[in-house]
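Visitor: I would like a close look at one part of this chain: its surface. Please take me through it slowly.

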Amino acid sequence: MVKQNTKKQILGIEEQIKRLKEKQKRIINNTQREIGKYLMDSWEVEDVNEAKELIDSFNHQVKSLIEASSSKEDNEAEKNYPQNPPKG
């Protein structure tokens, strides 16, 4: 009987994993759709190819801004939390 119960539990867990993976896929798809819609609405672009061209043209600038922002945040964090605090 223990084997049957264990097998049931395993199958139940596998079903949960399957449902969660499907839910994850739906969330990702909805998020991407929402972001795409937001971008096209805010840039007032209706053509998908035009939107892709704009994204490609701004890609380098966005990555540079993200990198600069990340670097600035790292520097701020180091100022607030020194690695070797003074010994007292």
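Guide: Accessible areas here come from the Shrake-Rupley method with a 1.4 Å probe, and for residues only the protein chains shown count as cover. By that method the chain has an accessible surface of about 8,900 Å², and 54% of it belongs to carbon and sulfur atoms. This is a predicted model: local features need pLDDT of at least 70, side-chain atom pairs count only at pLDDT 80 or more, and totals for chains, interfaces and linings use all residues. Residues are numbered from 1 along each chain as its sequence is written, and side-chain values use heavy atoms, with hydrogens and water left out.

Now the patches. Nonpolar side chains (Val, Leu, Ile, Met, Phe, Trp, Tyr) are joined within 5 Å, like charges within 9 Å.

The nonpolar patch holds Trp43, Ile55, Phe58, Val62 and Ile66, with about 440 Å² of accessible area together. Val62 is found in helix H2. Helices are DSSP runs (H or I, at least four residues), as are strands (E, at least two), numbered from the N terminus. Val62 is partly exposed, at 41% relative accessible area. Buried means under 20%, exposed over 50%, and partly exposed in between (1.4 Å probe, protein chains only). Buried residues make up 3% of the 88 residues in the chain.

Lys37 and Asp41 join their side chains in a salt bridge (2.7 Å, N to O). They sit 4 residues apart in helix H1 (residues 2-42), so about one helical turn separates them.

How values were computed
Patch = residues over 30% accessible without salt bridge, like charges linked within 9 Å, V, L, I, M, F, W, Y side chains within 5 Å. Salt bridge = Lys/Arg side-chain N within 4 Å of Asp/Glu carboxyl O.
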